[in-house]
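Student: I would like to learn how to read several features of this structure. Could we take them one at a time?

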Amino acid sequence: MLIACACLTFVEAIQKWHKVYENDIAGTFISESATRAVLMMIYSPCKYIASKARFILSEILKPKGLEYLNILLRFLNYLSSGNFAIPDNHQIIIYLMGFICYSRLEEYEVWIIKQKGLKTLFAFMKWCLSNHFQVERLSFAPRLPNVFCEKICCSSSRDWEGKDVLLFYSLLGLADLIKHSGCVGNDLDRISGKNMLAHIEAELVSKLQDICNNNGTPGVQWYATYVLSYFGFYGFPSNLMKRIGKAINDKDSADLQFIRTNGECFSVHGVVLAIQCPSLLPPEGRLPSEITSDHSSVTGSMEISKEFQKDIRLSAHVDHQALVKLLEYIYLGYLQAEEELAKKLRTLAKRCNLQPLLQMLCRKRPKWGTAFPSPDLTAALGPSGHCFSDVILEAKETKLLGWTCGVCSLSVPHMHVHKVVLSASCDYLRALFESGMQESNSQAIKVSISWEAMVKLVDYFYSSNLPKPPSGCIWNNTNTEEKVDEVQPYVELFWLSEFWIMEDVQEACSEVIMSCLGSARELAIKILQISANLSLWNLAEVAATYMAPVYRQLCDSGELETLDELLVDMIACLRCTNFYLRVSKEGTKSLNLHSSIYTDAWRLDIWAETSSMLRLASLVLYLFLQSSYNFEQITAIIRAYHLLSG
């Protein structure tokens, strides 16, 4: 009965959407909820519920099912074309879910494939990606009020589909249409379906791989990888493994060797195997804690790794191609294989206990709510990776007292890391290790940043994610000194990334610093001084920009007395520049500037706080940087300068 009621409401929602006005909130929520309920029942892991829902929906749709389906298809085609105004979010959601429901009904599959429904869904997916059109489920289907959740302002919980509900449902439908595109209908229909799929395959695969690499929501990433499996791509592409994959043929830094019965060798890196596939390591490689050593110095700790430069002989039953592809998955996070080879890989993946890969090789539909297996090598910084460590990073300084290391006796704050990971993550370090100079063979590298900054940098190397400071109420209730301690490591990393040529790290640090600067003006003052000390003038200018609007208040309070005169002049110059910008905007209206601008200028005491030379310099600099001024605007600015400077 409940299934029948939901199906009836779903059909009514499609049939009479034009009667559901935006102010009919109750009717809209009922339509959306019923449509989503039908979709979830059709995709239910319970075979009875899924088959029952499909049967009842098919019976209800018999009279005008094809007519309704045609309406949904036309709507999605019109929307994907980009030539029409974007309709209400609820209509998009209901029509998209309705189309996905149809794609699961056998009697409509052939018609959808003939009408290029696969191409329609792909076009809609591209429309969502190109327009950055995101809809969160809570925005159109709010849950019942939850007082407890409302009080948790810093909660990081999110739905499996997150803000990409439209993209998620598009992938859901694509998976079914691709699965059946060459298997339903007569011979002509199957040929047509395969041709359509071949036509969009290259672009579709590229888009799906981008989705996996861009750290999207778990549900979207899972279904992107699931769809990729139908094109022979198995696994989980990521930016981290894309970097680590550079080392797959690097024999110089390898410390292990697989040897087949015919004498063929495969050089590998123990630290990568220890994290990605420990089943391939010998027992002593899996349990480094059982290895005992009397070495306590830095040199001694490095010698431990040499004990693992050994050969691993493989059984004659191990297939050559399957092993090559498995190593490709271990290093890159994904592999490409034909159907016949995929069968061999299933056996190997099962024996190596690589469950996520096995699920993709078997093309099992992702379970709702399952966490996406994002690659993360940070476990190699613990006991499981210490035995493979071949280099040490030493920090410049630290506020930590009583520093001790469980691996060596070095008293300076340091981390035991791996050249293969560092080389793959930083071009500067790779060039250093390959240079042949004295530093390339050094067992310790001194990094001119604090311990706190170095920990964040190493986390990025091993996970491709830069740790972020606290947010929400935790950040708001943090005092200024603690905020400075949180942000300063990012400033140091911003400085280091210029020398080590790490654009991604610099961009990530810049985003963190920018997001924190506006929280407290005292923080902006500290960051300005730190940036100037490191000669990061672009970053210093950003910090000064935050202080420019309150320059007068900062002067009166004496907060600028701790800054160098040059930095104070920078803030004043930026304030003058902001004034010129305001004048130039007025100049587009008339050469005769409104008297209110002059009044505001004198009231703010802009000119009394800066020297004549500084005013002229800021004006010349501003005019130089602006390339779109016309004669009237420049005349207005010069006139304002002369009038105000006397």
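**Cysteines, a buried lysine and the core**

Tutor: Let us begin with burial: at 0% relative accessibility, cysteine 7 counts as buried. Please keep in mind that the model is predicted.

Student: How exposed is cysteine 362?

Tutor: Cysteine 362 has a relative accessible area of 36% and is therefore partly exposed.

Student: How many disulfides does the structure hold?

Tutor: A disulfide is a covalent bond between the sulfur atoms of two cysteines. The structure holds zero disulfides. For cysteine 7, the closest cysteine sulfur belongs to cysteine 101 and lies 8.3 Å away, so the two are too far apart for a bond.

Student: Where is lysine 419 found, and which side chain of opposite charge is nearest to it?

Tutor: A salt bridge requires a side-chain nitrogen of Lys or Arg within 4 Å of a carboxyl oxygen of Asp or Glu. Lysine 419 is found in helix H21, which spans residues 419-425. This lysine is buried yet has no salt bridge, and the nearest side chain of opposite charge, aspartate 390, is 5.6 Å away. Beyond its neighbours within four places in sequence, lysine 419 is in contact with Asp390, Val391, Phe433 and Ser440.

Student: Which residues have the most contacts inside the largest nonpolar core?

Tutor: They are Leu57, Ile330, Phe461, Tyr462 and Leu528, in a core of 185 residues. Helix H10 (residues 165-180) supplies the largest share of this core, eleven residues.

Student: What does tyrosine 462 touch?

Tutor: Not counting residues up to four places away in sequence, tyrosine 462 touches several residues, among them Leu240, Asp376, His418 and Leu422.

Notes:
Residues are numbered from 1 along each chain as its sequence is written. This is a predicted model: local features need pLDDT of at least 70, side-chain atom pairs count only at pLDDT 80 or more; totals for chains, interfaces and linings use all residues. Side-chain values use heavy atoms; hydrogens and water are left out. Helices (H or I, at least four residues) and strands (E, at least two) are DSSP runs, numbered from the N terminus. Buried means under 20% relative accessible area, exposed over 50%, partly exposed in between (1.4 Å probe, protein chains only). Lys and Arg count as positive and Asp and Glu as negative; His and the chain ends are not counted. Contact means heavy atoms within 4.5 Å. A nonpolar core is a set of buried Ala, Val, Leu, Ile, Met, Phe, Trp, Tyr and Cys residues joined through side-chain atoms within 4.5 Å. A disulfide is a pair of cysteine sulfur atoms within 2.5 Å.
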